[in-house]
Amino acid sequence: MSHTPGPWTFDTDIWWENTPGEMEQHGNLIVYPQNDEDLRIAEVNDRFDKKIGLANACLIAAAPELLKALKVALAYLGKGTADGLFDNCSVPGEKLLANIRETIAKAEGGAVFADPNTVTEGGKP
């Protein structure tokens, strides 16, 4: 499974609703690839809490770079288990590497989501 290439960004998608006697502004935060603003990756509701909506949009927009950084970290850190790189760390090296591998697998669909027909409403197998 592959995702839309990054980098991604976001902006406010605003539309106006003309109700009799008033005009209301509506909008959500839209995450899209920087090279194609017509391709929506995600729509983030920020109507109830602007700060949380903004934080969620930032996290989603950073996803491709975060995944790439995890892969680089795994390649680098994976070489360090044999030469004592993790000897003075509070988290055991193998546990850290396992967490990175699990996170990458989750981002890429992983074994849990290998068959899209097994995913139910709400995204859970």
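Trainee: Where in the chain does Pro7 lie, relative to β1?
Mentor: Pro7 lies in the segment before β1, the strand that covers 8-19. Keep in mind as we go that this is a predicted model.

Trainee: What makes the peptide bond from Gly6 to Pro7 cis?
Mentor: Look at omega: for the bond from Gly6 to Pro7 it is near 0°, and the bond is cis. As background, most peptide bonds are trans.

Trainee: Which elements make up the protein chain, from the N terminus on?
Mentor: The order is β-β-β-α-α. That gives 2 helices and 3 strands.

Trainee: How much of the protein chain do buried residues make up?
Mentor: Of its 125 residues, 20% are buried. As for contacts with a separation of 6 or more, 35% come from residues 24 or more positions apart.

Trainee: Why is Asn28 called buried?
Mentor: Compare the value with the cut-off. Buried means under 20% relative accessible area, and Asn28 has 4%, so Asn28 is buried. You will find Asn28 in strand β2.

Trainee: How do you know that a polar contact joins the side chains of Asn28 and Glu43?
Mentor: The limit for such a pair of N or O atoms is 3.5 Å. The side chains of Asn28 and Glu43 come to 2.4 Å, and the pair counts as a polar contact.

Trainee: Why does Glu43 count as partly exposed?
Mentor: Partly exposed is the range between the two cut-offs, 20% and 50%. Glu43 has 44% relative accessibility, so Glu43 belongs there. Arg40 also has 44% and therefore counts as partly exposed.

Trainee: What makes Glu43 and Arg40 a salt bridge?
Mentor: The rule asks for a side-chain nitrogen of Lys or Arg within 4 Å of a carboxyl oxygen of Asp or Glu. In the pair Glu43 and Arg40, the closest N and O atoms are 3.4 Å apart, and the pair passes. In general, side chains of opposite charge can pair when their charged atoms come close.

Trainee: How many salt bridges does the count come to?
Mentor: The count is 2 salt bridges. One of them joins Glu108 and Lys71, with the closest N and O atoms 2.5 Å apart. This pair links distant parts of the chain, 37 residues apart: Glu108 is in the segment after α2 (93-107), while Lys71 is in helix α1. Glu108 has 30% relative accessible area, so Glu108 is partly exposed, and Lys71, at 40%, is partly exposed too.

Trainee: How do you know that the span of α1 agrees with its 29 residues?
Mentor: At 1.5 Å a residue, α1 should span 42 Å, and its end C-alpha atoms are 39 Å apart, so the two agree. At the start of α1, a side-chain oxygen of Asp49 reaches to within 3.1 Å of the backbone nitrogen of Lys51.

Trainee: Which residues of α1 are buried?
Mentor: They are Gly53, Ala57, Ala61, Pro64, Leu67 and Leu77. Asn56 has its place in helix α1 as well, but at 36% relative accessible area Asn56 is above the 20% cut-off and therefore partly exposed.

Trainee: Which residues make up the largest nonpolar core?
Mentor: There are 7: Trp8, Leu29, Val31, Ala42, Val44, Ala57 and Ala61. At least two residues of this core come from each of β2 (22-33), β3 (42-44) and α1 (50-78). A second, separate core has 5 residues, including Leu67, Leu77, Ile100 and Ile104.

Trainee: Which residues does Ala57 touch, not counting residues up to four places away in sequence?
Mentor: Ala57 touches Phe10, Leu29, Val31 and Val44.

Key. Residues are numbered from 1 along each chain as its sequence is written. This is a predicted model: local features need pLDDT of at least 70, side-chain atom pairs count only at pLDDT 80 or more; totals for chains, interfaces and linings use all residues. Side-chain values use heavy atoms; hydrogens and water are left out. A nonpolar core is a set of buried Ala, Val, Leu, Ile, Met, Phe, Trp, Tyr and Cys residues joined through side-chain atoms within 4.5 Å. Buried means under 20% relative accessible area, exposed over 50%, partly exposed in between (1.4 Å probe, protein chains only). Helices (H or I, at least four residues) and strands (E, at least two) are DSSP runs, numbered from the N terminus. Contact means heavy atoms within 4.5 Å. A polar contact is a pair of N or O atoms within 3.5 Å; within protein, one must be able to donate a hydrogen and the other to accept it, and residues adjacent in sequence count only if both atoms are side-chain atoms. The expected span of a helix is 1.5 Å times one less than its number of residues.
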